[in-house]
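Subject: Structure for your review

Dear colleague,

Please find below the structure I promised to pass on to you. My notes on what was found in it follow.

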Amino acid sequence: MLTAPSVSHFPRQSMSSTRSPLYAVALFALLVLASTFLMRNWHYDLQEKTFASRHLDVDFFSVQNILFKELQERHEEIIPFYIASDGDNLLEFSGNFVSFYPSIKSDKVRKYNHKEILIGSSSPDEDMVACDQLDDMKVVDFLGSGYTKTVVKADLPDGLTIALKSINDQGTDMRKCLEEFKDPIGCHELVSFKLKKEIILLQRLQHPNIVKLKGHCRDKTPAGGITAILEQGTPLQMIQLLQSPWEERFRVCLGLVRLLHFLSESPLGSVALLDFQPRQFVMVEGELKLTDLDDATTREPLCRKDADCLLQFPLRNFSARCSERGVCEGMNEMRNLYNAHRYFFLYLLPHQAPVTLRPLVDQIMNSTAELKNNTNGTLEAFEEVFHIFRSGRHLESLPPTLIREYTSLRGVSSAGNVDYRCWPSYNQQGCVLSVHSTKEAAAICHSHPQCTSFSLRGQRTWTGRLLATFRSGFSHLVPDVHSVVYMRKTKASLGGAPQ
């Protein structure tokens with residue numbers, strides 16, 4: 001280390017004239033060090049002030065305090081959902097399995113010891129899946145991942161297919177947390193709160209149009225990874241749904257309205273889906289089911305006056321009333337209903353609706369577009385359309401003489417068929433439509449110039465309507481006790497039907 005020579009070694013009167021270059025270098029180095037020290041102090045002071053301005057209510061000298069505060073806030077957010085139905089039990093996450101699936105590419109999962117306590121349940125349900133059943137499961141597909149969670153499809157040894165939802169350690173939420181707090185265990189706990197909240201809500205909000213929670217597990221690692229076991233569904237494909245028959249599209253919309261009606265009066269109060277998108281839903285055996293609940297809220301926005309209750313959408317704004325309790329009354333319900341209109345009804349409901357039902361469908365579209373009705377009134381309108389459609393009341397004006405133009409042959413089916421395509425059809429390679437009766441099938445065949453016959457096999461849709469297959473010709477008939485063939489008298493002849 002460079003040091004300045006002692007002053008006593010030099011005559012006082014000649015100091016300025018005898019300074020060595022080494023002395024100048026030392027002074028310069030000290031000056032640099034001093035300025036660097038001052039700049040760093042200034043920089044740290046600026047960082048602390050910025051940090052403090054963002055976190056005025058916490059100790060800005062400790063990043064861990066901020067992480068702890070955020071963990072507390074997440075915990076307080078889900079505490080209301082923890083209270084069990086009997087009001088005196090807290091819902092708990094338990095389990096101690098060692099490892100989950102090590103890789104999506106693995107055919108099998110390593111063995112682990114674990115146990116499971118079902119949320120808010122004293123005895124396991126027959127449909128529930130215990131954690132030890134995952135010992136020999138086989139991960140067969142990657143279903144998707146988002147900012148917080150990853151979902152995979154797995155087969156159990158007993159043949160049951162399930163969906164497994166866990167924390168996405170490579171997701172955006174985890175990455176941002178690690179960048180800010182540098183605490184893997186704390187960040188995993190923080191990010192896990194979304195999945196914890198979803199598990200609680202799935203247990204509390206049980207409805208035919210909400211995906212069923214079949215169990216949950218938590219490992220015994222320091223991070224305590226949580227996994228939700230769900231019934232398996234397929235992601236909602238809007239393009240595919242747009243190509244399906246109106247009856248199936250109406251089923252999706254009806255299921256959605258029934259769900260929104262339930263959420264408006266749920267055991268937890270009015271529930272709003274803040275991230276309302278088709279990707280939050282799956283299809284299970286033709287039924288629409290909500291699968292993402294981590295962004296749901298039971299809190300209506302706070303207000304002081306009606307002007308505070310403005311519900312904004314890209315193309316529309318709506319107003320709610322500020323109640324005496326200081327909340328925007330009914331805004332959660334309004335938000336859900338208008339989102340249902342703009343993401344689902346607008347695309348699925350009007351197109352190809354039966355002609356005689358279109359006035360009722362138009363009323364629903366106008367009402368939901370302007371929020372003229374609540375979910376209760378909207379559900380009543382949907383149920384009326386459903387009842388009319390299923391009962392066939394919308395077909396009362398069909399001429400009864402139409403069926404007389406056809407000859408019925410029972411106990412046979414056509415072979416060597418010549419099919420034609422129609423849209424929308426239950427079979428993309430032919431023309432298969434649902435009908436309420438043979439009279440409606442006869443009316444459809446009469447409206448298709450290429451149709452010479454149709455057949456019924458007793459197959460029914462979810463509404464109880466029959467599936468009818470329409471053809472332009474066939475070569476011969478074969479015995480079939482389950483089938484009835486109807487041939488147009490003016491065009492049909494065995495072996496001579498128009499090809």
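**Sheets**

Strand S2 (residues 149-155) pairs with strand S3 (residues 161-167) in the antiparallel sense, over seven bridges. Within this pairing, Val-152 stands opposite Leu-164 of S3. Please bear in mind that the model is a predicted one.

S2 and S3 belong to an open sheet of five strands, ordered S1-S2-S3-S5-S4, with antiparallel pairing. Its edges are formed by strand S1 (138-145) and strand S4 (213-218), each of which pairs on one side only. Direction ignored, neighbouring strands of this sheet are turned by 25° against each other on average.

Another open sheet has three strands in the order S6-S8-S9, and its pairing is antiparallel. Strand S6 (234-235) and S9 stand at its edges with a single partner strand each, so one side of each has no neighbour in the sheet. S8 and S9 run antiparallel and are joined by four bridges. Phe-281 has Leu-290 in S9 as its bridge partner. Helix H6 lies across S8 and S9, and runs at about 35° to S9.

**The chain as a whole**

The chain has ten helices and 20 strands. Of its 499 residues, 48% are buried. Among contacts in the chain with a separation of 6 or more, 64% are between residues 24 or more positions apart.

**The nonpolar cores**

The largest nonpolar core has 81 residues, of which Leu-256, Phe-276, Phe-281, Phe-344, Phe-345 and Phe-382 touch the most other members. Helix H6 (residues 246-264) supplies the largest share of this core, with eleven residues. A second, separate core holds 20 residues, including Ala-441, Ile-444, Leu-456 and Leu-466. As general background, nonpolar side chains tend to be buried together in soluble globular proteins.

Phe-281 is found in strand S8. Is Phe-281 buried or exposed? Phe-281 is buried, because its relative accessible area is 1%, and the cut-off for a buried residue is under 20%. Leaving out residues up to four places away in sequence, Phe-281 touches Pro-235, Leu-236, Leu-256, Leu-259, Phe-276, Leu-288, Lys-289, Leu-290, Thr-291 and Phe-344. Phe-281 and Leu-256 are 25 residues apart in sequence, and their C-alpha atoms are 9.9 Å apart in space.

Phe-344 is in contact with Leu-236, Met-238, Val-252, Leu-256, Phe-276, Pro-278, Phe-281, Leu-288, Asn-339 and Leu-349, its neighbours within four places in sequence being left aside.

**Packing of H6 against H7**

H6 packs against helix H7 (residues 331-348) at an angle of about 175°, and the two axes are 11 Å apart. The two helices are therefore roughly antiparallel to each other, since angles over 145 degrees are counted in that class. On the H6 side, the contact is made by Trp-246, Arg-249, Val-252, Cys-253, Leu-256, Val-257, Leu-260, Leu-263 and Ser-264. H7 contributes Glu-333, Asn-336, Leu-337, Ala-340, Phe-344, Phe-345 and Leu-348. These contact residues divide into twelve nonpolar, two polar and two charged.

**Backbone details**

Which peptide bond is cis, with omega near -5°? The bond in question runs from Trp-423 to Pro-424. Pro-424 lies in the loop between strand S16 (418-419) and strand S17 (431-435).

Glu-285 has a positive phi of about 50°, although it is not a glycine. Its place is in the loop between strand S8 (281-284) and strand S9 (287-290). Glu-285 is exposed, with a relative accessible area of 78%.

Leu-371 also has a positive phi, near 50°, and is a residue other than glycine. Leu-371 lies in the loop between helix H8 (358-370) and helix H9 (375-391). With a relative accessible area of 16%, Leu-371 is buried.

In H3 itself (residues 172-181), the buried residues are Thr-172, Met-174, Cys-177 and Phe-181.

With kind regards

Conventions:
Residues are numbered from 1 along each chain as its sequence is written. This is a predicted model: local features need pLDDT of at least 70, side-chain atom pairs count only at pLDDT 80 or more; totals for chains, interfaces and linings use all residues. Side-chain values use heavy atoms; hydrogens and water are left out. A nonpolar core is a set of buried Ala, Val, Leu, Ile, Met, Phe, Trp, Tyr and Cys residues joined through side-chain atoms within 4.5 Å. Buried means under 20% relative accessible area, exposed over 50%, partly exposed in between (1.4 Å probe, protein chains only). Contact means heavy atoms within 4.5 Å. Two strands pair if DSSP finds at least two bridges between them. Axes are lines fitted to C-alpha atoms, for helices over the stretch in contact, and angles run from 0 to 180 degrees between N-to-C directions. Angles under 35 degrees count as roughly parallel, over 145 as roughly antiparallel, 65 to 115 as roughly perpendicular and the rest as oblique. Ala, Val, Leu, Ile, Met, Phe, Trp, Tyr, Cys and Pro count as nonpolar, Asp, Glu, Lys and Arg as charged, and the others, Gly among them, as polar.
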